[in-house]
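Hi everyone, thanks for coming.

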Amino acid sequence: MLVTRFAPSPTGYLHIGGLRTALYNYLYARANGGKFLLRIEDTDLKRNSEEATQAIKEAFAWCKLDHDGEVTYQSRRFEIYKEYVAKLLAEGKAYKCYMSKEELDELRKEQEARKERPKYDNRYRDFTGTPPAGIEPVIRIKAPLSGEILIKDGIKGEVKFKVEDILDDFIIARSDGTPTYNFTVVVDDALMGVTHVIRGDDHLSNTPKQIVLYDALGFKQPEFFHVAMINGEDGKKLSKRHGATDVMEYKHMGYLPEALLNFLVRLGWSHGDDEIFSIEDMLKYFDPHDINKSSSTYNAQKLDWLNAHYIKTLPYERLADEMREFGVDFRALPKGELLLNSLRERSKTLIEMSQSAKAIIDAPTAYDEKAYAKFITPASLEILAKFAEILTLNLDAAGYEKITNEFLEQNGLKLKDLAQALRVALTGSSVSPSIFEVLEVLGSKEIKQRIKNILKERK
């Protein structure tokens, strides 16, 4: 069975680059009838944050990326790691190193002076003497001393590393007994049955070490896919300076999970010239072998465009549910569905839709200065006052359009003579959906009251 995993460290928020990695793993597993696992790599007990762990779970729930089985926590698996460290020691594939920090620092200083790559010199690799007193040893793996390590990567192709350029007898357990990152990853991936590892290419340099450990432990290697980073529009690695990067911040900014996932899947992968992908489409077409080798570029305008698309196309019930979190309950409004459908055509985010809705639902307490100066004149106020007199019934948009056209014709006016001043009176600005739909939402009594308010304002 195909098994993938997402394995974040709970030391901070879930970055959107991490969410993309999770999405790629999720899609590949689900499309192939496999398993998608979530593992929290929380062995760094000093830096772990329970809030960060909850944020990861919250982001998964918001994006509906369901994982199989219980969440695995590395901090609860220390006894397992100890067993495998002991196994390697017993088989002579690992050893205790008593080199002090001061000795290691001195060695590195000497190597740097000779312009050599700083590396451990294997002095305890075959040590049979009496251990120095007062030093708790670290455990080091016996790495190959020469040759090449070949990685057959599903994205980058064959990648070769010269052993002498990248490896030494690296530490697999610290002096306090806690295991190191590369060791726990290999043990967990093997025991959890992970067959395909899709992760950022910042982990590519870890892979030779992990291959050494797979071989030493007798585990089968998974297939590796190393995904190129996401860059900002300035070409530099994506960071906070490029905008929001915390997944849940996108929710608070009014983006829909469908839009964010659609945006992320296209950052490094494509299917022809298609831009719109539902989860069903992604499951149908996604293959990690088709991920681009080169870095992708974050484009905020593309995200806005995608979000606007999903705002326009989601069912009313779903969008109304989303909008409750932004302070507008369209279902509680007499003309809520009409209002939402009017606003969705011009909204890029749910925050924009909320602001536009509140501008219509709530009578203005102030007016946009530029719009007021441009459209509220003695002549326009006189037209508004006359218009208010004909409002006797609550009508639908077509009915309001009919009586408005009759009013304009009887008074020798054009729509532009009334519409913008009416918008300012009703919403406080000169921007709104169709003026006739706004009239239907408000009803004649409320329209007359708001016209009355602006007439008082002008006096």
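Predicted model: local features only at pLDDT ≥ 70, side-chain atom pairs only at ≥ 80, totals over all residues.

Let's start with helix α4, residues 101–113. Helices here are DSSP runs of H or I with at least four residues, strands are E runs of at least two, and both are numbered from the N terminus.

Residues are numbered from 1 along each chain as its sequence is written, and side-chain values use heavy atoms, with hydrogens and water left out.

Back to α4. Which of its residues are buried? They are Leu 104, Leu 107 and Gln 111. Buried means under 20% relative accessible area, exposed means over 50%, and partly exposed is in between, using a 1.4 Å probe and protein chains only. Down the helix axis, the buried residues fall within an arc of 60 degrees, so they line one face of α4. That arc is taken from the directions from the helix axis to the C-beta atoms. Here's the background: an α-helix has 3.6 residues a turn, so residues three or four places apart point the same way. The buried residues pack against β5 (138–141), while Lys 101, Glu 102, Lys 109 and Ala 113 are exposed on the other side.

Now zoom in on Gln 111. Gln 111 counts as buried because its relative accessibility is 6%. Skipping neighbours within four places in sequence, Gln 111 is in contact (heavy atoms within 4.5 Å) with Glu 116, Arg 117, Pro 118 and Lys 119. After α4 comes Lys 115, whose phi is positive, near 60 degrees.

Next stop, Pro 144. You'll find Pro 144 in the loop between β5 and β6 (148–153). Leaving out residues up to four places away in sequence, Pro 144 touches Val 163, Leu 167 and Val 212. From Pro 144 to Gly 18 is 126 residues in sequence and 32 Å in space, C-alpha to C-alpha.

Note on methods:
Expected span 1.5 Å × (residues − 1).
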